[in-house]
Every structure is written in C-alpha cells, then in structure tokens.
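Dear colleague,

Please find the structure that I am handing over to you below.

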Amino acid sequence: MKRSTFLLFAVFCATCFNDAVRGSNSNFRRGDSNLDGALDVSNAIQTLFFLFLGVGRPLRCEDAADSNDDGKVDITDPVYSLGFLFLGRPPPPPPFGECSPDPTRDALGCAAFAGCEPPRIFGEPASYDAGFGNLPSPTTGDLALGDLDGDGALDLAVVNQISDKVSILLGHGDGTFGEAAGYGAGGFSFSVALGDLDGDGALDE
C-alpha cells in the first residue's frame with residue numbers, strides 16, 4: 001500500500017470514528033421517545049412503530065429512544081422500557097427522570113426535546129432618552145427596529161409627534177442602545193417605517 005493511500009485511509013477512519021462517538025449535548029430524558037414528559041407504554045409503542053411500521057411521529061431525539069443506552073435504537077429498547085414498567089426491572093440509565101445531556105458517547109443525537117430546553121428569560125428593563133428634550137413622554141409615537149448601519153445589530157427608530165423628529169438609537173448587539181441622534185421628519189409625524197427605498201441593500205426610514 002502506498003504511503004499516500006495509507007494516510008488517506010487513516011484520515012478517513014479517524015473521521016468515521018469521530019462521527020461515531022459524537023454523542024449529544026442536548027438535554028433529554030431517556031426512555032421518553034415520544035417526548036410527552038413521561039415514560040409509559042406509549043413510548044414503547046412509539047419506538048416499535050418507528051422500527052417496524054414506519055408510522056407515527058419520527059424520532060426527534062434518538063437518544064431518548066435508546067432506553068438501554070447501548071448506542072443504537074432497536075427492539076431491545078422498547079423491551080427494556082416494558083420490563084421496567086411491568087416486571088420490576090432496573091430503570092433506564094441516566095438521564096432518566098430529569099433533563100440532562102447524554103453521558104455516553106455514541107452515534108445517536110437529539111435534535112429537540114420538548115420540556116428540556118433551557119429557560120428563556122428577559123433581563124431587567126432599561127430606559128433610554130429618545131432625544132426629545134423635556135417634551136412629555138406621551139408625545140412619543142411609533143417605533144421601528146432594523147439594522148440601519150449594517151453592523152448586524154438591531155437599531156431603534158422613534159418618532160415624536162410634537163417635535164416632528166425621528167430619533168435613531170444604534171444598537172450594540174446585546175440588547176442595549178447608544179445615545180439618540182435626532183433627524184427632522186416634517187410636520188405631523190406619527191409613525192415610522194424602515195425599508196430599502198433606493199434599492200442599495202441598506203434600510204432607509
């Protein structure tokens with residue numbers, strides 16, 4: 001075997017090995033193959049349908065269907081689950097009963113698992129000066145969000161109904177905005193909209 005051929009084969013095998021042990025970093029609960037939040041007979045039925053009938057919901061989380069944690073989804077998985085449910089056999093290996101990543105490296109993955117996503121929360125509210133001086137706040141009218149300076153971060157445009165100005169607050173990309181810059185908008189300004197008016201690929205207001 002030529003040296004170049006051997007090296008190519010070695011690289012190919014290393015790639016296959018890495019793919020085979022990729023594991024899953026997603027949180028899931030083992031045994032809950034239909035993602036309904038509980039391990040019961042419906043999970044075994046879901047896996048059997050998937051294996052032999054090709055019907056029912058697809059396995060969005062293969063790791064969850066791998067009840068015995070042997071690195072593959074086959075007939076032994078619903079058998080393992082039913083043994084736990086009705087024959088007093090040991091429960092599925094972790095993560096079982098609570099959301100957690102798979103501690104075992106294997107070729108299975110988990111695209112999504114309802115109920116195990118990290119919580120999405122908002123930060124503390126923040127106030128920004130819209131650049132309208134001492135005018136009363138009810139005069140602030142419409143607002144619009146868009147990337148006005150092309151840096152990939154959302155910027156804020158706010159219109160004032162009395163001063164007839166539009167203030168632009170450039171976003172920093174982390175949910176915060178810089179100081180307002182005011183622009184004349186003509187009389188009786190009540191709303192603002194963003195769009196590419198001149199066809200140059202950049203937003204205009």
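How many salt bridges does the structure hold? The structure holds three, a salt bridge being a side-chain nitrogen of Lys or Arg within 4 Å of a carboxyl oxygen of Asp or Glu.

Please note that this is a predicted model, in which local features need pLDDT of at least 70 and side-chain atom pairs count only at pLDDT 80 or more, while totals for chains, interfaces and linings use all residues. Residues are numbered from 1 along each chain as its sequence is written, and side-chain values use heavy atoms, with hydrogens and water left out.

As background, side chains of opposite charge can pair when their charged atoms come close.

One of the salt bridges joins Arg30 to Asp69, at 3.4 Å from N to O. This pair links distant parts of the chain, 39 residues apart: Arg30 lies in the loop between helix 1 (3–20) and helix 2 (41–53), and Asp69 in the loop between helix 3 (62–65) and helix 4 (76–86). Helices (H or I, at least four residues) and strands (E, at least two) are DSSP runs, numbered from the N terminus.

Arg30 also forms a salt bridge with Asp102, where the closest N and O atoms are 2.9 Å apart. Asp102 is in the loop between helix 4 and strand 1 (140–146), so its pairing with Arg30 ties together parts that are 72 residues apart in sequence.

Why does Arg30 count as buried? Arg30 is counted so because its relative accessibility is 1%, and buried means under 20% relative accessible area, exposed over 50%, and partly exposed in between (1.4 Å probe, protein chains only). Asp69 is buried too, with a relative accessible area of 17%, and Asp102 is likewise buried.

A further salt bridge pairs Asp70 with Lys72, their closest N and O atoms being 3.4 Å apart. Here Asp70 counts as partly exposed at 33% relative accessibility, as does Lys72 at 44%. Through shared partners, salt bridges join Arg30, Asp69 and Asp102 into one network.

Turning to the chain as a whole, its secondary structure comprises four helices and four strands, in the order α-α-α-α-β-β-β-β along the sequence. The protein chain has 205 residues, of which 31% count as buried. Among contacts (heavy atoms within 4.5 Å) between residues at least 6 apart in sequence, 52% join residues at least 24 apart.

Yours sincerely
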